[in-house]
Amino acid sequence: MPVEGEQELQVKKEQKSPNASIGEGSIKEEVKRRSFISWLAVAWVAFAAATGGFLTMILRIFFPNVLFEPPQSFKIGPPEEYEIGIVDIRWQAKFGTWIIRDSETIYALSTVCTHLGCTPNWLENENKFKCPCHGSGFRKTGINFEGPAPRPLERYRIVMADDGQILIDKSRKFQYEKGQWSDPESFLMV
Ligand code: FES
């Protein structure tokens, strides 16, 4: 029979070194718990990504890509602002239009080359539009005379607005080869 001192020593040993089988179980539980937390985190990330993608799709439906283009109709001031014999290029960049005034009329020419759509340059010294892409040349009237362009430049509708300004309407075009340059809205009498 153990003496009292040995019994106390035995109790202390048991308290200090817990049962080995209980320790292994705790570690396994801990590993399982951490694994579960990791999977939970992955699941949350996947859920958040899927939700984000879905919301993005919804937003794309309500806010689709919109191409902002300049308006088809615009005013260019009164006829007095345009000099006879001058090709006015101030509306070229924004509206793709040249304004030309001769002794009797003002007309609006499209800046789109009728070959493949490049923008010709106005060459004041040579008195012609010259396309940099394949060399087509156009007279001040818009008539083609050199290079591969198959037809003249197009003209836009031009009328006087109520406020005394010239109004250009690009939604209506006039083609020389179809006899449309005689239409009263293809030029403005001045
Ligand atoms: S696009 Fe102008 S000549 Fe070809």
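## Overview

Of the 190 residues in the chain, 18% are buried, a residue being buried if 20 or more other C-beta atoms lie within 10 Å of its own, exposed if 12 or fewer, and partly exposed in between, with C-beta atoms placed from the backbone. This is a predicted model, in which local features need pLDDT of at least 70 and side-chain atom pairs count only at pLDDT 80 or more, while totals for chains, interfaces and linings use all residues. Residues are numbered from 1 along each chain as its sequence is written.

The chain contains three helices and eleven strands; helices (H or I, at least four residues) and strands (E, at least two) are DSSP runs, numbered from the N terminus. In sequence order the pattern reads α-α-β-β-α-β-β-β-β-β-β-β-β-β. Where residues at least 6 apart in sequence are in contact, 43% of these contacts join residues at least 24 apart; two residues are in contact if their C-beta atoms, placed from the backbone, lie within 7 Å.

## Helix α3

Helix α3 covers residues 92-95 and includes Ala 93. Ala 93 counts as exposed because it has 11 C-beta neighbours inside 10 Å. The C-alpha atom of Ala 93 is separated by 9.4 Å from that of Thr 111, which is 18 residues away along the chain.

## Strand β3 and its partners

Strand β3 (residues 97-101) is mostly covered, with four of its five residues buried. Strand β2 (residues 87-88) runs antiparallel to β3 and is joined to β3 by two bridges; strands pair if DSSP finds at least two bridges between them. Within this pairing, Val 87 has Ile 100 as its bridge partner.

Strand β4 (residues 105-110) also pairs with β3 in the antiparallel sense, over five bridges. Ile 99 is bridged to Ala 108 in β4, and a hairpin of three residues connects β3 to β4.

## Nonpolar core

The largest nonpolar core comprises 16 residues, and those with the most contacts inside it are Trp 98, Ile 99, Ala 108, Leu 109, Ile 158, Ile 166 and Ile 168. A nonpolar core is a set of buried Ala, Val, Leu, Ile, Met, Phe, Trp, Tyr and Cys residues joined through C-beta atoms within 7 Å. Two or more residues come from each of β3, β4, β9 (155-160) and β10 (166-174); β3 gives the most, with three residues.

Leaving aside neighbours within four places in sequence, Ile 166 is in contact with Lys 75, Ile 76, Gly 77, Pro 79, Ile 106, Ile 158, Met 160 and Leu 188.
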